[in-house]
Amino acid sequence: MAVKKLNPTTLFAWVILILCAAYLIVPLLTQFDYSLRMRRDVLSFDAYTSVLSTNPDDNGQGIPRFYTSLLFSTLMAFFTILVSILIIVPTAYWVNYRVPKFKPVMDFFTVLPFAIPGIVLTFGYLRTYSAQPFALTNTEVGTAVILIGGYTIGVMPYTYRAVDTGLRAIDVRTLTEAARSLGAGWGDIILRVILPNLRVAVLSASLLTFAIAIGEYTLANFLFPDERAFGSYMAAVGRNRIFEPAALTIISYALVWVCVLVIQRVARGTDQTQAASIR
Amino acid sequence: MQVTLDHPPAPALPIRRVSLAWVGVLPFLLFAFIFLLFPSLTILTNSFRDRQGAFTLDNLSGIFTPSILQSYGVSIQISLVTAILGAGLGALLAWAITIGGLPRAIRGWVITFCSVAANFGGIPLAFAFITLLGRTGALTKFLRDGIGIDLYNNGFSIYTVAGLTLAYLYFQFPLMVLIMVPAFDGLRREWREAAANLGGSTLDFWRHVGIPILLPSFLGSTVLLFGNAFGAFATAEALTGSKVDVITRVISRQIRGDVLYNPGLSYALALGMIVILAISITLYVWLQRRTARWLR
């Protein structure tokens, strides 16, 4: 077999690829290496064991904050996903089916979050809802409602687009008319006809929401100054420990990685440009 | 509403159906009002109110003090630089994995890596860059002991604007890749063949066909990257802290209520961010529309 001559264009493509790959991978490799160096002169997983079994501030014997904060953020992510589905799916369906005139309004609302970054959103929420007459931040549930609302807004551009794309791929009108002529109510139509057809969109939007909410710092840190969210916990570890932050980076990178891999597995061939507006 | 006798009112049914149809979007509108519009309106109205609630422009003029202008300036600078570098690098990588002649298998891997990196900002990203380029960072040591370049003796530090720029690029260029891959996919093979058949070189194709078609998409995405960096807070907070006072940090201090706390001014600062981002998003949407004509 003749040796294929590398043309200059392909060579240039390789150079770009290697450069970019290095940018993405080297920081991770050095971080992984560092996370293994807690024990002097030997490679060990001590930093990981430390993360999983101790607290950054060394006080208290209770459950390590790694678990409690991860649980808290998972819970917030879960509710965000739930609220997103409840708000976005029926609305996107209804706009597609009955009020297409409303599409420009939806487009407006789904780019607006890009103009209101996390820190401004936080500021707006606190000034609006922590004061009388709302005083939502006086209770934990009230504060959590704000956090979940903010996350839902933050991921809305992606969620809406994913669901909207999903709806365009199916014949909403025919499905609806068929279901109605068989006597289905609106609840049945959305839950048992539309939603199953949006599995891929909903699942990938949910996983992205999870990946974002888990590591989110800005809203969580200001709404819950007791640092109970995973993002705040990571920041606390960063202030107090040396090797553990490296272990946490690897763990949270792995979490995002798993989410993205599952999204790509389920969403094969669909529009998957994705990024959060809360940063 | 006026109803003249000459024109009998339309039958009741269609009117009711239309109004009922709009009721379906009310829950969404209510949600968007509570969590998006109303807080934004609070910021807008309070930017023009003094402590007694009377109309004032003092809050806005408070923005035009050297330290605050500098913070806006630093934020804009970092956002511009990372948007331009990120867009350039991202577009090149998107080109390389679509029509640049790289093996097909690489494309999937690059997109996966980029999806992760685009969503991997904040605290862990700051940790990774401190380990890489901090004073005792792995790359710092490698460059000093291996190649003889001492970054820190030459004025570099990760805890500076330059450091923050390098860290932001980590999520900026991968986002660009994700946006630009569909655009490169949209460049039809036939167009290149047509250009070649007419005797055009590769350069001719790019100059007269490729770049004009991709330009709106490229510029629009660059604007998006600008906004992406402009609003970033967690990475800056964890990496440079008070050493680089980006505008999001100034607002965060106002939230915490520090010594320089001035409620009116803090509304104006937030409004300033919204205005800058609103302008860039409008630009983005406009450029996207121009793109949509060619792609698909």
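Analyst: A residue is called buried if 20 or more other C-beta atoms lie within 10 Å of its own, and exposed if 12 or fewer do. By that count, 47% of the 279 residues of chain A are buried in this predicted model.

User: What share of chain B counts as buried?

Analyst: Chain B has 296 residues, and 43% of them count as buried.

User: What makes chain B a chain of helices and not of strands?

Analyst: A helix needs a DSSP run of at least four residues, and a strand a run of at least two. In chain B there are 13 helices and zero strands. Read along the sequence, the pattern is therefore α-α-α-α-α-α-α-α-α-α-α-α-α.

User: How do you know whether chain B is spread out or compact?

Analyst: The globule rule is 2.2 Å times the number of residues to the power 0.38. For the 296 residues of chain B the rule gives 19 Å, and the radius of gyration is 25 Å, well over that value, so chain B is more spread out than a compact globule. Along the principal axes, the C-alpha trace of chain B spans about 90 × 70 × 30 Å.

User: What are the elements and spans of chain A?

Analyst: Chain A has twelve helices and zero strands. Its C-alpha trace spans about 75 × 75 × 35 Å along the principal axes.

User: How do you know that the length of helix H5 of chain B agrees with its number of residues?

Analyst: The expected span is 1.5 Å times one less than the number of residues. Helix H5 of chain B (residues 104-118) has 15 residues and should span 21 Å; its end C-alpha atoms are 22 Å apart, which agrees.

User: Which residues of H5(B) are buried, and what covers them?

Analyst: Val110(B), Ile111(B), Cys114(B), Ser115(B), Val116(B), Ala117(B) and Ala118(B) are buried. The cover includes H1 and helix H12 (244-266) of chain A, together with helix H4 (66-98) and helix H8 (161-186) of chain B.

User: Where are the domains of chain B, and what is in contact between them?

Analyst: Domain 1 covers 12-46 and domain 2 covers 62-292, bounds that come from an automatic or database assignment. The C-alpha centres of the two domains of chain B lie 34 Å apart. Four residues of domain 1 are in contact with four residues of domain 2. On the side of domain 1, these are two nonpolar, two polar and no charged residues.

User: What is the predictor's confidence in chain B and in the complex?

Analyst: The mean pLDDT of chain B is 88, and 91% of its residues reach 70 or more. Over residues 1-5 of chain B the pLDDT is below 50, and beyond near neighbours in sequence that stretch has one contact in the model. Where pLDDT is low, predicted coordinates should not be read in detail. For the complex, the predictor gives an ipTM of 0.89 and a pTM of 0.90.

Key:
Residues are numbered from 1 along each chain as its sequence is written. Chains are lettered from A and ligands numbered from 1 in the order in which they are written. This is a predicted model: local features need pLDDT of at least 70, side-chain atom pairs count only at pLDDT 80 or more; totals for chains, interfaces and linings use all residues. Two residues are in contact if their C-beta atoms, placed from the backbone, lie within 7 Å. Ala, Val, Leu, Ile, Met, Phe, Trp, Tyr, Cys and Pro count as nonpolar, Asp, Glu, Lys and Arg as charged, and the others, Gly among them, as polar. pLDDT is the predictor's confidence in each residue, from 0 to 100.
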